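Reader: I have a protein model open and I'm new to this. Can you walk me through it?

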Amino acid sequence: MDHTGNTPFSETVLAPQRLPVEIPGVSLWQATLAQPDAVIAQWHAWLTPEEKQRAERMARPSLRHRAVAVRALLRGILARELAQGLTISPESLRFQTGAHGRPYLAAAFADGAVRDFNLSHSGDSLLVGILHHTAAPSWQCLGVDLESLQRSRDTTRLAHRVLSAREQDTLERLNHEERQRRFLHYWVLKEAFSKAVGAGFSLGFEAMDFDIDATPAPRARALPEPYCPDDWTLRLLPVAAPFVAALALGNRESEPIPGS
Ligand SMILES: CC(C)(COP(=O)(O)OP(=O)(O)OC[C@H]1O[C@@H](n2cnc3c(N)ncnc32)[C@H](O)[C@@H]1OP(=O)(O)O)[C@@H](O)C(=O)NCCC(=O)NCCS
C-alpha cells in the first residue's frame, strides 16, 4: 500500500516502474503489457463496455490481451496519481475523447491531483505521462511518445515527408545506424508535441523543426501556427533499448478540453 492508501496493483502484477524525470509536477511510468493471463482476466472487469468492445475488435488474442492491459494499467496509474489521500478505484475512472481521439479525464475528476495525462504504447511496453496541478501553471498539457528501434522503417522516404529541411540536412550527415536513431528522436518529439495538443497526425510534422543537440535539452525552433516554440519544454526520455521516447509540455491552444 502506498501513502495514498491506494493499492491498484496486486502482487501478481508486473508493476509499472517510475522513470526518472527532473521536472517538478511531472510523473512518468513505464509498464509491461505482457501480464499473466489471470491478471488480464481480472483487469477486464475494470473496463467500461466501450473499452471492452474496443479490445474485442482486435484481430488476435495477443492484441486483445494488450488492449485490456493498456486501459487497465492506465486506470491503475491514474487512480493512484489522482488520489491525494483519497481512495479512487481504477474502475471508477471515466474518460472523454477529443476531436482527434485524445483521451481526457472526465470533468468529474477535475478536482483530483492530475491536470493532464497522455499515453503511448509500442510492442509490449506502455508509457504514461502525468502532469500534476503542482507543476508550473504555464504547462496545461503534456504529450508522450514511445517507439521501438526494432521496427523497420524506410527513414529516407519518411524523412522527406515529416522532417524540416534543416532536420533532413542533419540526418544526411550521419551513417545508417545513427540516422535510424536520429530519425526516431525527431519522430518521438514531433509526435509527443502533436499528442500534447490533441492533434495527433492531423498536424503537419514537416512544419515542426527541432534542435535535438540544444543544451540542456532539445528545443523547438519552429512549430505550426498557432504554437510558439518558446512555450514548449521537451525531453528525450531515459527508456531502455530498444525504445526511444519523448515528452512535450506546453499549452494546448487548439483543442478545448471536452466538457470543460
Ligand atoms: C494519436 C496518434 C498520433 C497516435 O499514434 P500511435 O503512434 O499509433 O500511438 P501511440 O501509442 O503513441 O498513442 C496511442 C494512444 O494515444 C492516445 N491518443 C489517441 N489519439 C490521440 C490524440 N489525438 N492526441 C493525443 N493522444 C491520443 C490514445 O490513448 C492512444 O491509445 P489507444 O489507441 O490504446 O487508446 C494517431 O493515432 C492519430 O493521429 N490519431 C488521430 C486519429 C483521428 O484523427 N481520429 C479522429 C476520430 S476519433
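Author: Let's begin with a term. A nonpolar core is a set of buried Ala, Val, Leu, Ile, Met, Phe, Trp, Tyr and Cys residues joined through C-beta atoms within 7 Å. Buried means that 20 or more other C-beta atoms lie within 10 Å of a residue's own; exposed means 12 or fewer, partly exposed is in between, and C-beta atoms are placed from the backbone.

Author: Two ground rules as well. Residues are numbered from 1 along each chain as its sequence is written. This is a predicted model, where local features need pLDDT of at least 70, side-chain atom pairs count only at pLDDT 80 or more, and totals for chains, interfaces and linings use all residues.

Reader: And what is pLDDT, and what is its mean over the protein chain?

Author: pLDDT is the predictor's confidence in each residue, from 0 to 100. The chain's mean is 91, and 91% of its residues reach 70 or more. Residues 1-6 fall below 50. That stretch still has twelve contacts in the model beyond near neighbours in sequence. A contact means two C-beta atoms, placed from the backbone, within 7 Å.

Reader: Back to the core. Which residues touch the most other members of the largest one?

Author: Leu-142, Ala-245 and Ala-248 do, out of 65 residues in that core. Elements giving two or more residues to this core include helix 3, helix 4, strand 7 (141-148) and strand 11 (243-250). Helix 3 has the largest share, ten residues. Helices (H or I, at least four residues) and strands (E, at least two) are DSSP runs, numbered from the N terminus.

Reader: What does Leu-142 contact, leaving aside neighbours within four places in sequence?

Author: Its partners include Val-26, Asp-116, Leu-131, Ala-196 and Ala-248.

Reader: Now helix 4. Which of its residues are buried?

Author: Thr-155, Ala-159 and Val-162, in a helix that covers residues 155-162. Seen down the helix axis, these buried residues fall within an arc of 90°, so they line one face of helix 4. The arc is that of the directions from the helix axis to the C-beta atoms.

Reader: What does that face pack against, and what is on the other side?

Author: The buried residues pack against helix 5 (165-172) and helix 6 (176-196). On the other side, Thr-156, Arg-157, His-160 and Arg-161 are exposed.

Reader: New topic: the ligand. Which residues come nearest?

Author: Gly-101, Arg-102, Ser-120, Gly-200 and Phe-201, of the 16 residues around the ligand. Near means a C-beta atom, placed from the backbone, within 6 Å of the molecule or strand in question.

Reader: Which element gives the most to that shell?

Author: Strand 5, with four residues. Strand 5 (114-122) and helix 6 each supply at least two.

Reader: How do the shell residues divide by type?

Author: Four are nonpolar, eight polar and four charged. Ala, Val, Leu, Ile, Met, Phe, Trp, Tyr, Cys and Pro count as nonpolar; Asp, Glu, Lys and Arg count as charged; the others, Gly among them, are polar.

Reader: Let's check an arginine. Is Arg-71 buried or exposed?

Author: Arg-71 counts as buried because it has 25 C-beta neighbours inside 10 Å. Arg-71 is found in helix 3 (residues 61-82). Leaving aside neighbours within four places in sequence, Arg-71 is in contact with Leu-47 and Glu-51.
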